[in-house]
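Please walk through this protein with its ligand. Keep the view open as you read.

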Amino acid sequence: MTTDSYLGYSDRLFRLAGDLSTKPWHASCGEVQSALNGQAAEQLRALVPRTVRRAEGAFFTGSHVRARFENLLEDSTAFWDPTCGAGDLLLAAAGKQRLGATMRDTLRLWGKSLRGEDLQPSFVQTAKIRLFLLAAARHEERGDVIEVDVHSGLELLRGIRVADAHGELEKARSYGGTLLLNPPFGSMQAPADCNWGSGSVSQAAVISLISASKIGLGQQFVAILPDVLRSGSRYARWRSSVESLIDLSSIDLYGQFDDHTDVDVFLLAGRRRRRRHVREPSALWWPHRTSAPTIEDIFKVSVGTVVDNRDPHSGPELPFLIARDLGDLGAIETPGRSRKFSGRTFKPPFVAVRRTSRPGLRAGGGARAAGTLVTGIQEIAVDNHVIVIESQSGSTAECKQLIDVLNSPQTSDWLDSRIRCRHLTVGVVRSIPWSQ
Ligand SMILES: C[S@@+](CC[C@H](N)C(=O)[O-])C[C@H]1O[C@@H](n2cnc3c(N)ncnc32)[C@H](O)[C@@H]1O
């Protein structure tokens, strides 16, 4: 898919940059400031269809996240963003780089110290022009003359190129600078040598781990990543693999990437260490991890076993529990709906919880993991959008106590920091603190 429609924006910036050496600064400074802040992301949404943006994993870091990211960056002689988009992370890094004696000297220095790649020529061109504009704005602020024309200025920024991050990272050895990352968030097939996952996995997980392995000892690694990598049970081995390479200094739960992108992200920062084996990921990943008893110590947690559109309607006719029927009742005695099913069933009493769950209160103000007590004497077939929590002792009183724990504001707060994606996992429900 092509993002050529974005060339209209990079051409506009090119003309703006061209005017800087011929027109007074005040004629362009408003437009330069917009170009250095959220405009590139706005123009991406305006010019490139959503389907293309999704397919290419193109979501640019807006001013808010960028400010948080910049706070994590430490001084370094070089910075590399292998999926640089329109250069927002490189701009954060360039803001920390020293200026040369002239603007030409600065661009020559940045050409050596800043490296970035992207598959999309229109993004690469935009990233280079924005870096040119930043250099101009900083020199203007210092009272210098903007003496470089845009053609020769962009040629000096040789480190920013059209290339495939996978190939570039593959070739890299001990990069001697800070690695910046906000990779595409889509899925890809796990590489053949992947030792933390298989099948379809997050591209962000693959690129971040390769990137972490390609920087020199002691170099900083700072990344914006989808929350599922921090909180999902599927990525537990990925987390250990990251820690086997990176000595983590912070995991910062950011929340929704921006108003237009419904994905929660976190910011990870740390330094490359000598490779070592890590069995248990550190507590930094989950701010409120506890050694106190958890739901898993008292209950058995599983996912409903019926995949309704796939499982044959054969076997005994059974009461059938689906997420939509949980409502806000708090208790159900034998579901009214039924279905034939020959697989594993559940014997009441148990507590049923919807798997889909957004951070924050549910519509209507209910708790994020609100539980429904299911009673009755018949075995029940349960849909796989429902999490089933069974008391190991078969006690209804214990199930009621569990509902109080699940409905408590403490559990909702705990869940919001533990898992920011749009569903609950069995692993997370098992680790909810029991006594609060
Ligand atoms: C989430 S965006 C982030 C861009 C930039 N780092 C930022 O923070 O604004 C990911 C970028 O990766 C680029 N991309 C996707 N696959 C790539 C690949 N194989 N090699 C290089 N860039 C790639 C996309 O074009 C997109 O610009």
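This is a predicted model: local features need pLDDT of at least 70, side-chain atom pairs count only at pLDDT 80 or more; totals for chains, interfaces and linings use all residues.

Residues are numbered from 1 along each chain as its sequence is written, and side-chain values use heavy atoms, with hydrogens and water left out.

Start with the whole chain. It is divided into domain 1 (4-285) and domain 2 (295-430); these bounds come from an automatic or database domain assignment. The contact between them takes eleven residues from domain 1 and ten from domain 2. Contact here means heavy atoms within 4.5 Å. Taken over C-alpha atoms, the domain centres are 41 Å apart.

Now find the ligand. How many residues surround the ligand? There are 24, and the closest are Thr61, Thr83, Asp118, Asp164 and Ala165. A residue counts as near if one of its heavy atoms lies within 4 Å. This shell divides into twelve nonpolar, seven polar and five charged residues. Nonpolar covers Ala, Val, Leu, Ile, Met, Phe, Trp, Tyr, Cys and Pro; charged covers Asp, Glu, Lys and Arg; the others, Gly among them, are polar. Helix H6 (88-94) and helix H10 (165-171) each supply at least two shell residues. Helices (H or I, at least four residues) and strands (E, at least two) are DSSP runs, numbered from the N terminus.

A side-chain N or O atom of Thr61 is 2.5 Å from a ligand oxygen. For Asn182, the side chain places an N or O atom 3.0 Å from a ligand oxygen. Ala165 uses a backbone N or O atom, 2.7 Å from a ligand nitrogen. Taken alone, the ligand exposes 600 Å², and the protein buries 97% of that. Such areas come from the Shrake-Rupley method with a 1.4 Å probe.

Next, the sheet. Three strands form an open sheet in the order E13-E11-E16, with mixed pairing. Strands pair if DSSP finds at least two bridges between them. Strands E13 (338-340) and E16 (381-382) stand at the edges with a single partner strand each, so one side of each has no neighbour in the sheet. E11 (residues 317-321) and E13 run antiparallel, joined by three bridges. In one of them, Leu318 partners Arg339 of E13.

Finally, two backbone details. Most residues other than glycine have a negative phi, and most peptide bonds are trans. Ser174, however, has a positive phi near 45°. Ser174 sits in the loop between H10 and strand E4 (178-181). Pro348 and Pro349 are joined by a cis peptide bond, with omega about 5°. Pro349 lies in the loop between E13 and strand E14 (350-354).

Methods: A polar contact is a pair of N or O atoms within 3.5 Å; within protein, one must be able to donate a hydrogen and the other to accept it, and residues adjacent in sequence count only if both atoms are side-chain atoms.
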